[in-house]
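Please keep the structure in view while reading.

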Amino acid sequence: MSEEKRDHSQARTILATDCGSTTTKAILIQLIDGEYRQTHRGEAPTTVEAPFEDVTRGVLNAVREVEELADRQILDEDQIIRPAAGDKGVDIYISTSSAGGGLQMMVAGVVKSMTGESAERAALGAGAIVMDVLASNDGRLPHEKISRIRQLRPDMILLSGGIDGGTISHVVELAEILHAANPRPRLGLGYQLPVIYAGNRDARQTIWETLSNTTDLTVVDNIRPVLERENLTPSRDKIHDLFMEHVMAQAPGYKKLMSWTDAPIMPTPGAVGAIIQTVASHYGITVVGVDIGGATTDIFSVFEDTFNRTVSANLGMSYSVCNVLAEATLPNVLRWVPLAMDEAELMNRIGNKMIRPTTIPQALEELQIEQAIAREALRLSFIQHKQFAVGLKGVQKERTISDAFDQSASGATLVDMMALDLLVGSGGVLSHAPRRHQAARMLIDAFLPEGITRLAVDSIFMMPQLGVLSMVNEKAATEVFEKDCLIHLGTCIAPVGPAKKGRKVLDAKLILPDGTVVERELTQGEMFLVPATYEQPVKAVLKPAKGLDLGGGKGHEIETELYGGVVGLIFDGRGRQPFVLPEEPAERVAKLRAWSEATEEYVASPQPAAS
Amino acid sequence: MKPGNARRAALAVLFCLSLASVIPAAAQDLPAAPPAPPLDLTAEDTPNDRGHAIALSWVLSPDDDGSGRVTGYSVWRAVYRPGVAPADLDWTRVGSHSAGYLGDERLTHSDVSDDIVNNLPYLYRVEADGPGGASAVLLPASIMARAQWFNRARWNMLLAVLVLSAGIMYWIQKAQTSDIYLRPVAGLKAFDEAIGRATEMGNPVLFVPGIMDMDQIETLAGVSILGYVGKMTARYETPLEVPVSRSLVMAHAREVVKESYLQAGRPDLYNDDMIHYLTDDQFGYAAAVDGIMLRQKPAACFYQGKFYAESLILAETGNSIGAIQIAGTASPAQLPFFITACDYTLIGEEFFAASAYLSQEKRAIGSIRGQDVGKLIFMVALILGVFLVSLEAVGVRLPGWLDITALFDVSSGG
């Protein structure tokens, strides 16, 4: 990291890179007419592996492409020119990295659903992949835990357990298991494994005596000082620091890269989480973000000011495609395919994808199957996310006599689809869908947003760079996120509640920007599209039918502004709670085709393909 | 009239009056004839019983007309012996009735006694007693008391029991092969959480199995839940504290908890002192448990059993020390206190279903489902019955097959 401290809030030119496992992407952000815009981007193969074994080579190649496109000198031989002087150099250089498999961690806590879960949340929020959660009550015997630690060889271990003043014996027992396992780090064999202790402060001395000789032990504040409150920040910050010091420092070329950057290099998912949190707090909205990749799917959410991230390690579109099929089951994938196709044929096609994971669909049929799988991968990942993004467990409740027959349990999911304001998708299958309408439909079908929800996709997956940028210049990060990162698809309007087939579920009165008044009626099982742009929102009066809810209460009218986008306003009358697809194949296919047509999902269009 | 004359006249009147009252009394002292005997004495074995009972009925004596010639009736019983004259039998007076004054109405009498031997013939004699003596009527034929296998007045109950049993059997079978949905009960799901909290806080778990003895079904249910809690505390390696107020409960609870620790693979963590006796006295017990709470600060308190006035004292103390509290009782009077002072409360049926719910044992779950279905059928029948009876009450004529009174033989208590 650069030692020279400068005021980053005044920066005019920012260079950001993301070193992925295969590609290094660079973007250039410039202050134009008082606002920050992403102006140019370039990419080059990542050079962590042999023959280069120096990540900075790929970074320089990507930056060189940006340099050429922007017609601006950024590099002076193999050095980034900083600060900018005239039309040379940049004011800020930042980077993220997921090369080498990212940050792989194990976490440990006394009770799996309490301190274990808090530790997992801290690690996931910092951008790590959590390989396993050890807990006193996980049902495994000590030798099984020891063997598991040795087998997984994590980059780092986060040990927590006990509130301050709470149990000592349990957390010390976990430390003794770690000591007995004597784990070796995955990278850098000569180094001791970084272990962060974030548990009961009364146990620190004993933990120190147990672990300081065999591991590189760091002690931070308790992750759960009392059961009623989580304190994740010290652990997350320490994970970032240790990621830099230990994991990155062992990877080829990273020491040099770290010396270039103006902010610590963040793990890519951690940076995505950072921008999601920044946007949620900046605009005061609830956000769900999803990044669907080839092997994994990450979901980020901010509800009730609480950030959560989950990694569904075996749900992805290429290497994990067969696992999606196994978990979702064939009928669930088939229900999204708008073709008369039997299960055997579908299985063969998905099997082909498994054999050649990096192929992309060449025909419409293949595309439709791929997008059907994507819907299920997203749906399953979101189910996992909802199960993880929950309130704290083990918290005392206050009751009144009115709770006699409605005693809510703690640990309820924080994810409230009715309260969701913005749903952001990224990853190849969403960002690179031939038509944005398809991305919108995939998001709607998989997440089933309720009420009124804005939809967007990340245009070129620049969220990681913006995440790390938000650490040094929040204004720049949020402006670029809003204007260049996001491609606003539109808004989904979906009434919630049971309704009979063909019955009216919504009366919509739309006042378009040109003053035209459009009155439409939405019936159960129907979808329709109203073109609208993001820049000129549509005034709307929406009255759900009796017993249905659009966010204002059952049957209550809502007056609001609806933001369109490249797709527009999508009225979805297919039902929420319950959402049911026809069972009978012919009827199902007919319905899917009707909805595709209504939302212009697969029709030929002059709209250019996504970049 | 002179005062002396007036006194004489009054004395004369009094003499006449006293003479008038003496003359009929003198007439009653004459020997009177016994009243006419009762008529038409019949007897039958009391139906739908276990025997040992004979139902008698007779027509009142014609002299039982309020004139005082019949003062009451005596019922006599003798074991019938063929060839022996009734007068020679060994008669026992087994009942009496006051006079009837009812003209030709019949009187009935149930002779119920374990002295009556089933399937042994008896003769009965009923005497009309009066000032003039007694006159009897003899049962024309002997009668035997018999036990019946079925109470036919209660066939509906038999049907209900069969249906319920069949339902429970069906669901038990079904539970073996398929998953049965049980409504999530927050209080039951919170058991693990409460014990987890105690583990993280390094404080013990307190379990109070009520203040009553093992003869109470709620205490049994509470101790059954203690088994599950014991298993969890063994697994979490968290201290368990069970103060009891009855010696039998202590002995039983010790066995249950010991077994739980054994099942959890941690018999080393068990010791008898976990379950200890305090006192039988209600408020002495409450005070002692409060003391334990304030000294040991348990992080999770379970109140599962039969409670009375001590419920609020315990729950409020538990609340004040910041423990997660889960109560369970079927005592309606204590529920409001538990609901307001505890984190979760198992109400009535939930409490009894807890052990099946917590163990997730398939047979127990099937049994719960069967019972629930039975209850549903009874609820529907009850509502339907009330509706039909109401219709009848307002004068709606129902077809014969819908005559609810006859159908369920309401008059006979069926």
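**Domains and their contacts**

Chain A is assigned domain 1 (8–99), domain 2 (102–254) and domain 3 (289–391 + 414–598), with bounds that come from an automatic or database domain assignment. The model is predicted, and local features need pLDDT of at least 70, side-chain atom pairs count only at pLDDT 80 or more, and totals for chains, interfaces and linings use all residues. Residues are numbered from 1 along each chain as its sequence is written, chains are lettered from A and ligands numbered from 1 in the order in which they are written, and side-chain values use heavy atoms, with hydrogens and water left out.

Within chain A, the centres of domain 1 and domain 3, taken over C-alpha atoms, are 33 Å apart. Contact (heavy atoms within 4.5 Å) joins 20 residues of domain 1 of chain A to 16 residues of domain 3 of chain A. These two domains bury about 1,600 Å² between them, and carbon and sulfur atoms give 65% of that area; buried area is the accessible area (1.4 Å probe) that two parts lose on being put together, summed over both. On the domain 1 side, A:Tyr36, A:Gln38 and A:Ile94 supply 31% of the buried area, more than any other three residues.

Two salt bridges are counted between domain 1 and domain 3 of chain A, a salt bridge being a side-chain nitrogen of Lys or Arg within 4 Å of a carboxyl oxygen of Asp or Glu. A:Lys483 forms a salt bridge with A:Glu35, with the closest N and O atoms 3.4 Å apart. In another salt bridge, A:Arg37 meets A:Asp484 at 2.8 Å, N to O. A:Arg37 lies in strand E3 (residues 35–45) and A:Asp484 in helix H16 (residues 474–485) of chain A, so the pair ties together parts that are 447 residues apart in sequence. Helices (H or I, at least four residues) and strands (E, at least two) are DSSP runs, numbered from the N terminus.

Chain B is divided into domain 1 (39–144), domain 2 (152–177 + 364–412) and domain 3 (186–360). Four residues of domain 2 of chain B are in contact with four residues of domain 3 of chain B, and the two domains bury about 330 Å², 72% of it on carbon and sulfur atoms. B:Ile365, B:Ile368 and B:Lys375 supply 85% of the area that domain 2 of chain B buries there, more than any other three residues. The count between these domains is one salt bridge; B:Glu349 forms a salt bridge with B:Lys375, the closest N and O atoms being 2.3 Å apart.

**Between the chains**

How many residues does each chain bring to the contact? Chain B gives 23 residues and chain A gives 30 residues. Together the chains bury about 2,100 Å², with 52% on carbon and sulfur atoms. One salt bridge is counted between chain B and chain A; B:Arg197 forms a salt bridge with A:Glu228, the closest N and O atoms being 3.0 Å apart. The elements that give two or more residues to the chain B side are helix H3 (186–201), helix H4 (217–236), helix H8 (335–341) and strand E14 (344–347) of chain B. Among these, H3(B) provides the largest share, seven residues.
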